[in-house]
Amino acid sequence: MPIDYFGMFGKSSTTGSAHINLTMSGLVAAQGAYVYFVQNPGSKPALIMGLAFGGIYGLSGYLINENKAEWGHGLGFALSAGLAMRMGDYAMKSRVFFPRGLMAVFATGATLYNARKLVEIFL
């Protein structure tokens, strides 16, 4: 085992259940930044909503890690379902897959995952 100078090889505090929501946090924030800087330069609503939704996904991952999985997965489910519907609607109207259609696919996967986790918790 290598010497652990910075605590990089220690036990991770992130539970496996939170990885999907934490990944979606980064993806949504990155999509907002992409739209702001590349696709539609200067689009403040895209940047603000991307960062806000990314932060809410991060909050859901945090709640899951703090043993409040029912709240974290519930928040992740609601956010993912709304994002999948809105991004899917945008993608179908514009007939362009990237980036909105791809985000709709990711959000649909996150919706199904969080729904499955909620069923495991409550049933």
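## Largest pocket

A pocket is an open set of points, on a 1 Å grid over the protein atoms alone, with protein on both sides within 12 Å along at least five of seven lines. In this predicted model, the largest pocket holds about 400 Å³ of space, a volume being the space filled by probe spheres set on the points.

The lining of the largest pocket comprises 17 residues, each with an atom within 4 Å of a point. Ala46, Met49, Gly50, Met87 and Tyr90 lie nearest the centre of the pocket. At least two lining residues come from each of α1 (19-39), α2 (44-65) and α3 (69-94). Nine residues of the lining are nonpolar, six polar and two charged; Asp, Glu, Lys and Arg count as charged, Ala, Val, Leu, Ile, Met, Phe, Trp, Tyr, Cys and Pro as nonpolar, and the others as polar.

## Overall fold

The chain has four helices and zero strands, in the order α-α-α-α. Helices are DSSP runs (H or I) of at least four residues, and strands (E) of at least two. Of its 123 residues, 33% are buried, that is, under 20% relative accessible area with a 1.4 Å probe.

## Packing of α3 and α4

Helix α4 (residues 100-122) packs against α3 at an angle of about 150°, and their axes are 7 Å apart. The two helices are therefore roughly antiparallel (angles over 145 degrees). Their contact involves 17 nonpolar, nine polar and three charged residues.

## Basis of the values

Residues are numbered from 1 along each chain. Local features need pLDDT of at least 70, side-chain atom pairs count only at pLDDT 80 or more, and totals for chains, interfaces and linings use all residues, while side-chain values use heavy atoms, without hydrogens and water.

Conventions:
On a 1 Å grid over the protein atoms alone, a cavity is a set of points where a 1.4 Å probe fits but cannot get out, and a pocket is an open set with protein on both sides within 12 Å along at least five of seven lines; lining residues have an atom within 4 Å of a point. Axes are lines fitted to C-alpha atoms, for helices over the stretch in contact, and angles run from 0 to 180 degrees between N-to-C directions. Angles under 35 degrees count as roughly parallel, over 145 as roughly antiparallel, 65 to 115 as roughly perpendicular and the rest as oblique. Buried means under 20% relative accessible area, exposed over 50%, partly exposed in between (1.4 Å probe, protein chains only).
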